[in-house]
Amino acid sequence: MSAAFRKAAKSGQRPHRERAQPASRQKLGLLEKKKDYRLRADDYHKKQNALRALQKKALDKNPDEFYFKMIRAELQDGVHVIKQPKDEVTPEQVKLMRTQDIKYVEMKRVAEAKKIERLKSELHLLDAEGKKPNRHMFFFDTKKEVREFDIATHLDTVPELVDRVYNRPTIATLQKETLKGATDPAHLKKLAQQRKNQYDLLKQRIEREKAMFVIAQKIQTRKDLLDKTHKVKVKKETTTSPAIYKFKFQRKR
C-alpha cells in the first residue's frame, strides 16, 4: 500500500487511483501525465505566439523595402548563408600577383643570406654550441712518452690557454709581447655572453632563411599549378617541402 493511499485512508477520504489504459489504446503508449500536458501546451502556445508575431511583421512590411542581404544570402540546408564575393581577376593577373609574391620572398631570403655570411665571417664558428669538436691527435713511439705527455709543454703554451681553439700564443710570444685584450674574468664572461648571443642570432637567421626558401618553393608550385597542363601529385606538401607534381610532357613549337 502506497503512502498516499494510507494517508487518504486515515483521513477518511476516497483514495485516488490512476485511470487504467483501455486495452484498445495500449498500442498508443502510456497515458499522458499532467506535467507532460502542461509542457506540450506551453510549447504549442509559444509557437502560436511566434506565428502571430511573424504574421504581424509581414503585414507591416514595406513592399519597397530593400537591403543588400536579400541578394547576398542564400538558403543552404535550411540555413541562410552569406554569399562570398568572388574576386574578379584574370589568370594572367593571378600569375602576376604570384610572381610579385615570390620576388618579395626571394628578396627577403637573399637579404637574410647576406646577413648570415656577414655573421659567419665575424664569428668564424670556432666555439659555437652544437659544433662538432675538433680532434687533435698526437702520435708517440713508446708507452713511456704517452705517460709523460703534457699537452701544454707539447704545444709550447701556458696551461690556462690549452682549452682555447683560437688565439693561443706560445710562451716565446708571451715573453716578447705584452698580452693584448681583456684579462679581467668579469669582462671575459661578458664577452663570452655576447659571443653566445651572436651565435643564437646566427642560428635564428639560418632557420629563417630556410623557412623563406620553403615558402618560395611553395609559392612557385602554386604558380605552376595555374597551368592547365594535366598533372599528377607525386608527393604531398609538408612543413619543410612543397608538394611535388608530375606534369604531362608537351612539345613546344
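Reader: How many salt bridges does the count come to?

Author: The count comes to 9 salt bridges. The rule asks for a side-chain nitrogen of Lys or Arg within 4 Å of a carboxyl oxygen of Asp or Glu.

Reader: What kind of model is this?

Author: This is a predicted model, in which local features need pLDDT of at least 70, side-chain atom pairs count only at pLDDT 80 or more, and totals for chains, interfaces and linings use all residues. Residues are numbered from 1 along each chain as its sequence is written, and side-chain values use heavy atoms, with hydrogens and water left out.

Reader: What makes Lys47 and Asp43 a salt bridge?

Author: Their side chains meet with N and O 3.2 Å apart. That value falls within 4 Å, so the pair qualifies. In general, side chains of opposite charge can pair when their charged atoms come close. Lys47 and Asp43 are 4 residues apart in helix H2, which means a separation of about one helical turn. A helix here is a DSSP run of H or I with at least four residues, a strand is a run of E with at least two, and both are numbered from the N terminus.

Reader: Why is Asp43 called partly exposed?

Author: Asp43 has a relative accessible area of 37%. Buried means under 20%, exposed means over 50%, and partly exposed lies in between (1.4 Å probe, protein chains only). The value for Asp43 lies in between, so the term applies.

Reader: Which residues are linked with Arg109 in a network of salt bridges?

Author: Glu106 and Glu209 are linked with Arg109 in that network. In the pair of Arg109 and Glu106, N and O are 2.6 Å apart. These two residues are 3 residues apart in helix H4, about one helical turn.

Reader: Is Arg109 buried or exposed?

Author: Arg109 has 16% relative accessibility and counts as buried, since buried means under 20%.

Reader: Why is Ile102 called buried?

Author: Ile102 has 14% relative accessibility, and buried means under 20%. Ile102 is in helix H4. Leaving aside neighbours within four places in sequence, Ile102 is in contact (heavy atoms within 4.5 Å) with Ala216, Ile219 and Gln220.

Reader: What is Arg205 in contact with, leaving aside its neighbours within four places in sequence?

Author: Arg205 is in contact with Glu112, Lys115, Ile116 and Leu119. Arg205 is found in helix H8 (residues 185–225). At 16% relative accessibility, Arg205 falls under the 20% limit and is therefore buried.

Reader: Which residues form the positive surface patch?

Author: Lys108, Lys114, Lys115 and Arg118 form the positive patch. Lys and Arg count as positive, Asp and Glu as negative, while His and the chain ends are not counted. Patches are made of residues with over 30% relative accessible area and no salt bridge; like charges are joined within 9 Å, and nonpolar side chains (Val, Leu, Ile, Met, Phe, Trp, Tyr) within 5 Å. Each charge is placed at NZ of Lys, CZ of Arg, CG of Asp or CD of Glu. Arg118 is at 48%, which is over 30% and so meets the area limit.

Reader: Which residues form the nonpolar patch on the surface?

Author: Phe66, Tyr67, Phe68, Met70 and Ile71 form the nonpolar patch, with about 530 Å² of accessible area together. Accessible areas come from the Shrake-Rupley method with a 1.4 Å probe, and for residues only the protein chains shown count as cover. Phe66 is found in the loop between helix H2 (34–59) and helix H3 (69–72).

Reader: Why does Asp77 count as exposed?

Author: Asp77 has 82% relative accessibility, and exposed means over 50%. Asp77 lies in the loop between strand S1 (73–76) and strand S2 (79–82). Phi of Asp77 is near 55°, a positive value in a residue other than glycine.
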